[in-house]
Amino acid sequence: MGRIFLVELKGRSYYKCRFCNSHLALADSVLSWSFNCRRGRAYLFSDVVNIMLGPQEERLMLSGMHTVEDIFCCCCGQIVGWKYVAAHDKNQKYKEGKFVLERHTDAKNNCEIFLKKNIFKKIMGPANNEEAGEIGATVQLQSCD
């Protein structure tokens, strides 16, 4: 195969894989915090990086039938969510091409498993980090050995 090069996100806050710390998405890419998955909470993102896509499959969800692809961390291979390929209900078309990253906790240890958020505070920065804007969205390539 070859060497995997990871995209390193630059921003005030971003989400990353809990297992290998690979960057997945900027907090500014969150479109909705009100999604659910089989294991708990999930967030809808417009853009994610450092992922691999699984095969397309039809999946019945709470909002109806969708064609989806599971997404995996490209560094450690853990499943981190899914991508909406097609929505069969016209009211759900806004999800097409968007990504869902699962955020859940291990009940035993009360720790997040697949997704965690890194927050970098700036002196004199906003008090609410959910509303904090990105410092910069430039990317760097980082080798994952």
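**Rings, strands and cysteines**

Reader: Glad to look at this one with you! Phe45: buried or exposed?

Author: Happy to start there. Buried means under 20% relative accessible area and exposed over 50%, with partly exposed in between, using a 1.4 Å probe and protein chains only. Because Phe45 has a relative accessibility of 0%, Phe45 counts as buried.

Reader: Before we go on, what kind of model is this, and which pLDDT do side-chain atom pairs need?

Author: Residues are numbered from 1 along each chain as its sequence is written, and side-chain values use heavy atoms, with hydrogens and water left out. This is a predicted model in which totals for chains, interfaces and linings use all residues, local features need pLDDT of at least 70, and side-chain atom pairs count only at pLDDT 80 or more.

Reader: Thanks! Which kind of aromatic pair do Tyr15 and Phe45 form?

Author: Rings of Phe, Tyr and Trp (its six-membered ring) pair if their centres lie within 6.5 Å; planes under 30 degrees apart count as stacked, over 60 as edge-to-face and the rest as tilted. By this rule the count comes to 3 aromatic pairs. For Tyr15 and Phe45 the centres are 5.4 Å apart and the planes stand at 80°, so the pair is edge-to-face.

Reader: How many residues apart in sequence are Tyr15 and Phe45?

Author: Strands here are DSSP runs of E with at least two residues, and helices are runs of H or I with at least four, numbered from the N terminus. Tyr15 lies in strand S2 and Phe45 in strand S5, so the pair ties together parts of the chain whose separation is 30 residues.

Reader: Which aromatic cluster does Tyr15 belong to?

Author: Tyr15 also pairs edge-to-face with Tyr43, at 5.8 Å centre to centre and 75° between the planes. That pair links strand S2 (residues 13-17) with strand S5 (residues 40-45), across 28 residues. Tyr15 is buried at 1% relative accessibility, and Tyr43 is buried at 11%. The cluster consists of Tyr15, Tyr43 and Phe45.

Reader: Turning to the sheet, which are its edge strands?

Author: Two strands pair if DSSP finds at least two bridges between them. The open sheet has 6 strands in the order S4-S5-S9-S8-S7-S6, with antiparallel pairing. Pairing on one side only marks the edge strands, S4 (30-37) and S6 (51-61).

Reader: And which residue is the bridge partner of Gly81 in S9?

Author: Strand S8 (residues 79-87) pairs with strand S9 (residues 99-103) in the antiparallel sense over 3 bridges. In S9, the residue bridged to Gly81 is Leu101.

Reader: Which residue makes a polar contact with the side chain of Arg59?

Author: Arg59 is in strand S6 and counts as buried, because its relative accessibility is 13%. A polar contact is a pair of N or O atoms within 3.5 Å; within protein, one must be able to donate a hydrogen and the other to accept it, and residues adjacent in sequence count only if both atoms are side-chain atoms. At 2.9 Å, the side-chain partner of Arg59 is Glu57.

Reader: Which residues does Ser29 contact, leaving aside neighbours within four places in sequence?

Author: Ser29 sits in the loop between strand S3 (23-26) and S4, and it is buried with a relative accessible area of 11%. Contact means heavy atoms within 4.5 Å. Leaving aside neighbours within four places in sequence, Ser29 contacts Leu44, Phe45, Ser46 and Asp47.

Reader: Last one: how far from Cys73 is the nearest cysteine sulfur?

Author: A disulfide is a pair of cysteine sulfur atoms within 2.5 Å, and a search of the whole structure finds 0 of them. Cys17 is in no disulfide, and its nearest cysteine sulfur, that of Cys76, is 3.6 Å away. Cys73 is in no disulfide either, and the sulfur of Cys20 is nearest, at 3.4 Å.
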